[in-house]
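My notes follow the model.

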Amino acid sequence: MANRNRRRLSSMARIAAASIASMAACGGPAAAQHTHAHDAPAQDAPAQRPYLPPPTPEERAAAFPDLGHEALHEMHEDPFTTFVLFDRLEAQRADGGDVVDWDVDAWAGRSLTKLRMRTEGQRRAGRTEDADLELLFSRSFARWWDYVAGARQDFRPEPDTTWAAFGVEGLAPYRFEIRATGYVGEGGKTAARVQTEYELLMTNRLVLQPRVELNWYGEADPGRGIGSGLSDTDIGLRLRYEIRREIAPYLGVTRESKHGRTADLAKAAGEDPNDTRFVVGIRLWF
């Protein structure tokens, strides 16, 4: 790395010197005329300028290298960093007791590779009804896009379920944030979760955020209240005010809906498969 930097600096110095010499060659006579316009005529001596050969293609390539996607890990400006985002930490009024939702994303690593932790869930009347935790390895494969692979553990509803997880996440055109993850569980069970959100800047500090989440299961699990196919959707609209970029309280409205066989299981248990609520929360990151 040190030898490469020395070659790059030497090549850049040669190119800069050649450019200065070329500029001097173009501007020399005009400058001399301006300087001696009011002086007595004198015999001009021939200008003696050092000869600098033009830079070679190899020197240009060394001075201005093509820093590709994989070169980031070699740069000293790619430090090890950590990040924790409480994307949703909110309370809701609902039948059967107050509801608290959370959605947390944290990672540690460098620009191209990270270890991630994601968790989301819901508590109703002081009792956890939904909770899962994902531990993932993340690797960048294109600008703004990563693939992820790891494991997910569902703690509620019981019984606990373990899944292998794999997927992608990133920034789609028009700045839509997308996260799509597939899961394979014990006995060949399959599932998928797709989340998308968008941030619309109303002012420098006021942000409107639509958000959609869909969950799909390959086979029914009546013991956990889950049917096959599209299981449930969560559509929300939140308006937050960024007191600081790291601290933003918000108000919003959400609609949670169960579909198909999952809705039938909810009705059989005496639950409403459709639930619309107003929420109050805060978004934090550090």
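I take strands (E, at least two residues) and helices (H or I, at least four) as DSSP runs, numbered from the N terminus. This is a predicted model, in which local features need pLDDT of at least 70, side-chain atom pairs count only at pLDDT 80 or more, and totals for chains, interfaces and linings use all residues. Residues are numbered from 1 along each chain as its sequence is written, and side-chain values use heavy atoms, with hydrogens and water left out.

Cavities. I count a cavity as a set of points on a 1 Å grid over the protein atoms alone where a 1.4 Å probe fits but cannot get out; lining residues have an atom within 4 Å of a point. The volume is the space filled by probe spheres set on the points, which are joined across faces, edges and corners. I find 3 cavities of 30 Å³ or more. Strands S3 (113-124), S4 and S8 each give its lining at least two residues, and S3 gives the largest share, 3 residues. I note Asp-132 and Arg-193 among the residues lining this cavity.

Salt bridges. I looked up how Asp-132 and Arg-193 meet: their side chains form a salt bridge at 3.2 Å, N to O (a side-chain nitrogen of Lys or Arg within 4 Å of a carboxyl oxygen of Asp or Glu). Asp-132 is in S4 (residues 127-142) and Arg-193 in S8 (residues 190-197), so the pair ties together parts 61 residues apart in sequence. Both Asp-132 and Arg-193 are buried (under 20% relative accessible area, with exposed over 50% and partly exposed in between; 1.4 Å probe, protein chains only). I count 31 salt bridges in the structure.

Methods. On a 1 Å grid over the protein atoms alone, a cavity is a set of points where a 1.4 Å probe fits but cannot get out, and a pocket is an open set with protein on both sides within 12 Å along at least five of seven lines; lining residues have an atom within 4 Å of a point.
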